[in-house]
Amino acid sequence: MRDVRDYYENQSRTFEQSAITDEHRRIAHIITSISGFSDDTGTALELGCGNAAVSAVLADRGLTVTAVDFNAPAMAVARSFAESRGGRLLPIEADFYTASLPGNYTLIFYWDGFGIGKDEDQLKLLTRVRSWLAPGGRAVIDVFNPYYWLQKHETSATYQAANGNPWERKIQFDFRECRMVDVWTNLDDSSIPPRSQSLRCYTPADFSTLASRAGLNVLGLYTSNGEEIVGGDEKTIQERTSFLALLG
Ligand SMILES: C[S@@+](CC[C@H](N)C(=O)[O-])C[C@H]1O[C@@H](n2cnc3c(N)ncnc32)[C@H](O)[C@@H]1O
């Protein structure tokens with residue numbers, strides 16, 4: 001896990017913004033809408049929260065939110081968000097495979113990042129999710145979509161870092177392992193080594209099998225805009241980087 005943590009900490013140092021934006025409010029709205037979470041008084045857990053901006057939005061709505069990440073620079077921002085939220089945002093700097101958490105959460109979510117490691121790692125995490133859910137609780141997991149990433153094989157795009165430097169992101173798709181691989185290169189400074197990560201992509205069928213091995217059921221599939229994916233959407237699904245799986 002050390003390599004994974006180094007990757008994310010470096011990405012946070014390069015790209016992280018420390019503001020809560022409309023995008024975070026949009027994500028918070030989608031997660032609560034699809035999970036049917038309407039009373040805004042329960043307890044939630046965000047896994048791989050980054051700077052916990054989405055959790056901060058939920059805390060502002062009245063939920064008590066535990067936000068877990070092992071990424072030190074991102075968690076420093078999360079702690080600054082927690083300061084003004086009267087104990088409703090609880091950042092925990094820890095590895096979610098080993099963190100000791102009280103459980104009994106009515107909502108658990110992981111936005112952007114599920115799929116690091118091997119299937120056994122994902123199974124371990126989903127098994128922990130199941131153990132942390134309150135009776136009747138729901139989990140929302142953002143799952144990388146192989147039908148999208150396959151089409152992006154060998155493509156690249158340029159992104160601007162917080163300091164203005166241009167970075168190239170090159171995508172590859174490992175067909176055998178069904179993994180999206182991205183390689184980031186600083187175009188202005190060749191002394192900085194490129195960074196890479198890979199994420200396992202799951203078809204809905206494969207994800208459902210994995211979830212059921214963890215004792216969870218897929219209750220619905222949604223786009224990242226919160227629209228339910230139903231029969232007939234097949235032609236547009238290839239345009240989606242990921243899909244949201246609602247679990248219970
Ligand atoms: C792509 S970022 C997404 C952050 C945030 N969810 C967002 O959408 O902005 C994935 C996050 O997962 C975290 N992460 C990955 N593996 C983790 C682990 N084993 N334990 C805790 N956090 C982890 C990384 O540090 C990183 O901040």
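Reply: The model is predicted. Helix H1 covers residues 2-15, and it packs with helix H4, residues 72-83. Their axes are 7 Å apart, and the angle is about 60°.

Me: How are H1 and H4 oriented to each other?

Reply: The packing angle is about 60°. Angles of 65 to 115 degrees would count as roughly perpendicular, and those under 35 as roughly parallel. H1 and H4 are therefore oblique.

Me: Which residues of H4 make the contact with H1?

Reply: On the H1 side, the contact uses Glu9, Ser12 and Arg13. By class, the H1-H4 contact holds three nonpolar, one polar and two charged residues. H4 contributes Ala72, Pro73 and Ala74.

Me: What is the distance between the C-alpha centres of domain 1 and domain 2?

Reply: The chain is divided in two. Domain 1 takes 2-145 + 201-247, and domain 2 takes 147-198. Their C-alpha centres lie apart by 23 Å.

Me: Which helix gives the largest share of the side of domain 1 that touches domain 2?

Reply: In domain 1, 14 residues are in contact with twelve residues of domain 2. The domain 1 side divides into five nonpolar, six polar and three charged residues. Four residues, the largest share of that side, come from helix H1.

Me: Which strands stand at the edges of the open sheet?

Reply: Four strands form this sheet, in the order S6-S7-S8-S9, with antiparallel pairing. Neighbouring strands are turned by 25° against each other on average, direction ignored. Two strands have a single partner each, so one side of each lacks a neighbour in the sheet. These are S6 (155-160) and S9 (195-200).

Me: Which helix and which strand each supply at least two residues of the shell around the ligand?

Reply: The ligand is surrounded by 18 residues. The closest are Tyr8, Gly48, Gly50, Asn71 and Gly113. At least two shell residues each come from H1 and strand S2 (64-69).

Me: How many residues of the shell around the ligand are nonpolar?

Reply: Gly counts as polar in this scheme, while Tyr counts as nonpolar. The shell has four polar and three charged residues. Its nonpolar residues number eleven.

Key. Residues numbered from 1 in each chain as written. Predicted model: local features only at pLDDT ≥ 70, side-chain atom pairs only at ≥ 80, totals over all residues. Pairing = 2+ DSSP bridges. Axes fitted to C-alpha atoms, helices over the stretch in contact; angles between N-to-C directions. Domains from an automatic or database assignment. Contact = placed C-beta atoms within 7 Å. Parallel < 35°, antiparallel > 145°, perpendicular 65-115°, else oblique. Near = placed C-beta within 6 Å.
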